[in-house]
Amino acid sequence: MLSGFKQFILRGNVVDMAVGVVIGAAFGAVVTSLTADLLTPLIAALVGKPDFSAVTFTAGGAVFKVGSFLNALVSFLLIAVAVYFFVLTPVNALVARMRKAPAPADPTTKKCAECLSEIPIDARRCAHCTQAVA
């Protein structure tokens, strides 16, 4: 039973997933810092502090904190913009630059000079018009 567990843990996809989770958590901290420390102050400098937490309404004795939702929505949009423009776009450009076009395949046929039909490249006579092919 212990050997089966050991094989499960040492299997490549489990280790890869663990590494991905750790890197994802670290990257999440970077993106959060980018939005909280750079983008939000930039927006605050341009349009004032975007804080909607005071926006509420009461219905039937219950308080609906619409402002908290708006703050979360603005935060999500800032993070999405940061990830798209500062991560996804440069990575896609890098991958496209690194990708090489496949080499064209060698031709397997050629055209007969007399009847213009396709014939195998090693043929000495055309199968359609029996013309000798150089």
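**Salt bridge**

I counted 1 salt bridge, taking one as a side-chain nitrogen of Lys or Arg within 4 Å of a carboxyl oxygen of Asp or Glu. This is a predicted model, in which local features need pLDDT of at least 70 and side-chain atom pairs count only at pLDDT 80 or more, while totals for chains, interfaces and linings use all residues. Residues are numbered from 1 along each chain as its sequence is written, and side-chain values use heavy atoms, with hydrogens and water left out.

I then looked up the partners. Glu118 pairs with Lys111, and their closest N and O atoms are 3.3 Å apart. Side chains of opposite charge can pair when their charged atoms come close. I checked exposure next (buried is under 20% relative accessible area, exposed over 50%, partly exposed in between; 1.4 Å probe, protein chains only). Lys111 is exposed, at 51% relative accessible area. Glu118 is partly exposed, at 44%.

**Confidence**

I read off pLDDT, the predictor's confidence in each residue, from 0 to 100. The protein chain has a mean of 84, and 98% of its residues reach 70 or more. I compared the elements, with helices (H or I, at least four residues) and strands (E, at least two) taken as DSSP runs numbered from the N terminus. Helix α1 (residues 2-10) has the lowest mean, 77. Strand β3 (residues 109-111) has the highest, 92.

**Helix α3**

I checked the length of α3, which covers residues 66-98.

Where does α3 bend? I found a bend of about 35 degrees at Tyr84. The bend is the angle between axes fitted to the seven residues ending there and the seven starting there. Tyr84 is partly exposed, with a relative accessible area of 43%.

I listed the buried residues of α3: Gly67, Leu78 and Ala82. Val81 is also in α3, but it is partly exposed at 40%. I took one distance from Val81. Its C-alpha atom is 9.3 Å from that of Thr35, 46 residues away along the chain.

**Nonpolar patch**

I looked for surface patches. They are made of residues with over 30% relative accessible area and no salt bridge; like charges are joined within 9 Å, nonpolar side chains (Val, Leu, Ile, Met, Phe, Trp, Tyr) within 5 Å. Areas come from the Shrake-Rupley method with a 1.4 Å probe, and for residues only the protein chains shown count as cover. Val81, Tyr84, Phe85, Phe86 and Leu88 make a nonpolar patch of about 510 Å².

**Positive phi**

Most residues other than glycine have a negative phi. Which residues have a positive phi although they are not glycine? I noted Leu116, at about 60 degrees, and Thr130, also at about 60 degrees. Leu116 lies in the loop between β3 and β4 (118-120). Thr130 is in the segment after β4. Leu116 is exposed at 56%. Thr130 is exposed at 52%.

**Cysteines**

I ended on Cys129, in the segment after β4. It is partly exposed, at 26%. Cys115 is 14 residues from Cys129 in sequence, and their C-alpha atoms are 6.7 Å apart.
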